[in-house]
Amino acid sequence: MTCHDYQDRFDAYLDRTLDADSRHALDAHLAGCAACRFLYSPEDEPTPSWALTPLTGTIRLDSNTTDQPSRLKIGQWLETDALSRVALAVGEIGHLEILPNSRLRLLEAGATDHRIELSRGTLDAFIWAPPRLFFVETPSATAIDLGCAYTLAVDEEGRGELHVTAGYVALENGGRSAIVPAGLRCRMQPGAGPGTPYADDAPADLRQALDRFDFGPDGGSPAALSAALLHIREGDTVTLWHLLSRAPATARGAVFDRLAMFAPPPASVTRDGILAADRAMLDRWAEALGLVAP
């Protein structure tokens with residue numbers, strides 16, 4: 001390899017996304033090449049960072065404003081105003097577009113953990129790396145990339161909505177989680193975590209009923225669940241699968257029967273097992289539905 005080849009790897013070295021063999025090779029080269037050490041010295045390695053490019057308007061990095069390409073460092077806050085947008089490279093595993101009126105902070109930029117905090121605003125993400133390397137923390141839940149493209153929006157109160165356009169995204173908050181495949185959306189709220197995923201074309205009555213079940217004053221009750229089931233359609237199998245583990249025990253049978261009508265369970269999945277919330281059976285049914293997350 002030439003010096004130019006090694007220099008092309010400096011950004012990945014700084015972002016800690018270079019694989020171990022390449023990192024060792026670069027270390028060895030720097031030890032013997034004064035010219036490359038002049039351009040970059042491991043002893044002077046700065047805080048890991050991601051490359052950013054303002055697309056429109058002026059952005060703020062902590063207390064400084066800029067309209068020029070720069071780098072977002074760990075711990076640094078990035079803010080866009082009503083007119084600005086910015087492209088942000090997620091190391092070498094993907095990229096983000098940060099939309100106007102957004103505020104986020106880089107938390108980690110390591111080889112196995114690329115993590116930001118989105119306190120408000122909207123981002124479009126496209127990640128091509130293996131699953132579970134990119135994380136977005138919000139006031140309501142953490143979005144975990146499972147090989148995907150998605151839009152994530154958070155309002156001033158910390159409420160959010162995830163819309164997945166390719167692959168899968170997992171939403172997790174404590175003991176509550178959701179797996180959202182392409183073509184579905186999921187709302188979330190502080191203190192409650194992720195709600196029940198629903199299809200892009202879900203009717204307003206179904207969305208409102210799920211909001212009541214997930215976040216309403218009688219949330220989780222049989223009455224709230226019945227209101228949601230009233231508007232379930234044949235294509236809403238992912239929604240029904242999530243409701244299996246969220247429904248009150250006394251109402252779980254109604255969810256099982258509706259899902260079994262549209263998508264019969266595998267032979268190894270029984271009604272009694274699902275009523276008992278058997279995790280292995282739930283997972284096998286998810287696999288049969290194509291709702292598989294690595």
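Author: The accessible surface of the protein chain comes to about 13200 Å². Carbon and sulfur atoms hold 51% of that surface. Areas come from the Shrake-Rupley method with a 1.4 Å probe, and for residues only the protein chains shown count as cover. This is a predicted model: local features need pLDDT of at least 70, side-chain atom pairs count only at pLDDT 80 or more, and totals for chains, interfaces and linings use all residues. Residues are numbered from 1 along each chain as its sequence is written, and side-chain values use heavy atoms, with hydrogens and water left out.

The C-alpha trace spans about 70 × 45 × 25 Å along its principal axes. The chain has 10 helices and 16 strands. These are DSSP runs, numbered from the N terminus: helices are H or I with at least four residues, strands are E with at least two. Of the 294 residues, 46% are buried, that is, under 20% relative accessible area; exposed is over 50%, and partly exposed lies in between (1.4 Å probe, protein chains only).

Now the helix. H5 covers residues 204-215, 12 residues in total. From first C-alpha to last, H5 reaches 16 Å, close to the 16 Å expected at 1.5 Å a residue. The expected span is 1.5 Å times one less than the number of residues.

Which residues of H5 are buried? They are Leu 206, Ala 209, Leu 210, Phe 213, Asp 214 and Phe 215. An α-helix has 3.6 residues a turn, so residues three or four places apart point the same way.

The buried residues of H5 pack against strands E13 (176-181), E14 (184-189), E15 (193-194) and E16 (198-199). They also pack against helices H6 (222-229) and H7 (237-246). Contact means heavy atoms within 4.5 Å.

Next, the cysteines. The disulfide count is zero; a disulfide needs a pair of cysteine sulfur atoms within 2.5 Å. Cys 186 has its closest cysteine sulfur in Cys 148, 14 Å away, so the gap is too far for a bond. Cys 186 is buried, at 0% relative accessibility. Cys 148 is buried too, at 2%.

Last, the core. The largest nonpolar core has 74 residues. Such a core is a set of buried Ala, Val, Leu, Ile, Met, Phe, Trp, Tyr and Cys residues joined through side-chain atoms within 4.5 Å. Among the members that touch the most others are Leu 123 and Leu 244. Strand E11 (residues 142-154) gives this core its largest share, seven residues.
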